[in-house]
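Biologist: Could you take me through this model and tell me what stands behind each label? I would like the cut-offs along with the values.

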Amino acid sequence: MKLDLLTILLPKSLDMGSIGSGKSHDSITPQEVSTILSYANLVKAELNILMGKYLEDESATHDLIKYAESYIEMEDKKLAKKISHTAVIELFTDTTCFFCNGTGQVVFQDSVDKCLHCHNGVFVWSDTSRSEIMGLKKGVYMKINKDYRELITHLIDVEQSALAKLGDS
């Protein structure tokens, strides 16, 4: 976070001049992050996205998956969980392929093959990759594709709302 943003978000009585100097190595402390988040008036889903995605908080990620499950109106709870979990993975994952760790090559016992999930180490989200991550056949995935896309759109909107509240969109 930039010093300007912290200065705006934190109470005026705090001296922000020490951030970025001394032993902090241009980083902010967890207490500063907590203060920023507390002043942002975030709803629980927004907070969970920020905490899970940017601070890698497993508890927040778990709560976000539960939130996503409740967003999907589906009788099959096991399928709703798969959809929610994959959507959160897609939302949180950077562009590095997690099948080959960004190398573009997959090493097997007797061969080295081109990774089918990425292009030169950059993961390509497709209907095929999503169905494979969920462990669903392509036909089953195509039936729930609309629900999945609505969930992803909703989660992106929640994240954008949280970032807007922080002044970082």
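Modeller: Happy to. Let me begin with a definition: contact means heavy atoms within 4.5 Å. With that in hand, and not counting residues up to four places away in sequence, I83 touches I72, M74, M134, I144, Y148 and L151. Two notes on the source: residues are numbered from 1 along each chain as its sequence is written. This is a predicted model, where local features need pLDDT of at least 70, side-chain atom pairs count only at pLDDT 80 or more, totals for chains, interfaces and linings use all residues, and side-chain values use heavy atoms, with hydrogens and water left out.

Biologist: What is the mean pLDDT of the chain?

Modeller: pLDDT is the predictor's confidence in each residue, from 0 to 100. The mean for the chain is 83, and 83% of its residues reach 70 or more. Helices here are DSSP runs of H or I with at least four residues, strands are runs of E with at least two, and both are numbered from the N terminus.

Biologist: Why is I49 called buried?

Modeller: Buried means under 20% relative accessible area, exposed over 50%, and partly exposed in between, with a 1.4 Å probe and protein chains only. I49 has 0% relative accessibility, so I49 counts as buried. This residue sits in helix α3. Beyond its neighbours within four places in sequence, I49 is in contact with Y54, L64, L91, F92, L155, V158 and E159.

Biologist: What makes a group of residues a nonpolar core?

Modeller: The members are buried Ala, Val, Leu, Ile, Met, Phe, Trp, Tyr and Cys residues, joined through side-chain atoms within 4.5 Å. The largest such core has 23 residues, of which M74, I83, M134, I144, Y148, L151 and L155 touch the most other members. Two or more residues come from each of α3 (44-55), α4, α5 (77-92) and α7 (138-166). Another core, of nine residues, lies apart from it and includes I36, L37, A162 and L163.

Biologist: Why are α3 and α4 called oblique to each other?

Modeller: Axes are lines fitted to C-alpha atoms, for helices over the stretch in contact, and angles run from 0 to 180 degrees between N-to-C directions. Under 35 degrees counts as roughly parallel, over 145 as roughly antiparallel, 65 to 115 as roughly perpendicular, and the rest as oblique. The axes of α3 and α4 come within 8 Å and cross at roughly 135°; these helices are therefore oblique. On the α3 side the contact involves K44, A45, N48, I49, M51 and G52, and on the α4 side A60, T61, D63, L64 and Y67. I49 and A60 are eleven residues apart in sequence and 7.1 Å apart in space, C-alpha to C-alpha.

Biologist: And why is α4 oblique to α5?

Modeller: Their axes come within 8 Å and cross at roughly 125°, which makes α4 oblique to α5. Contact residues include T61, L64 and I65 of α4 and A80, K81 and S84 of α5.
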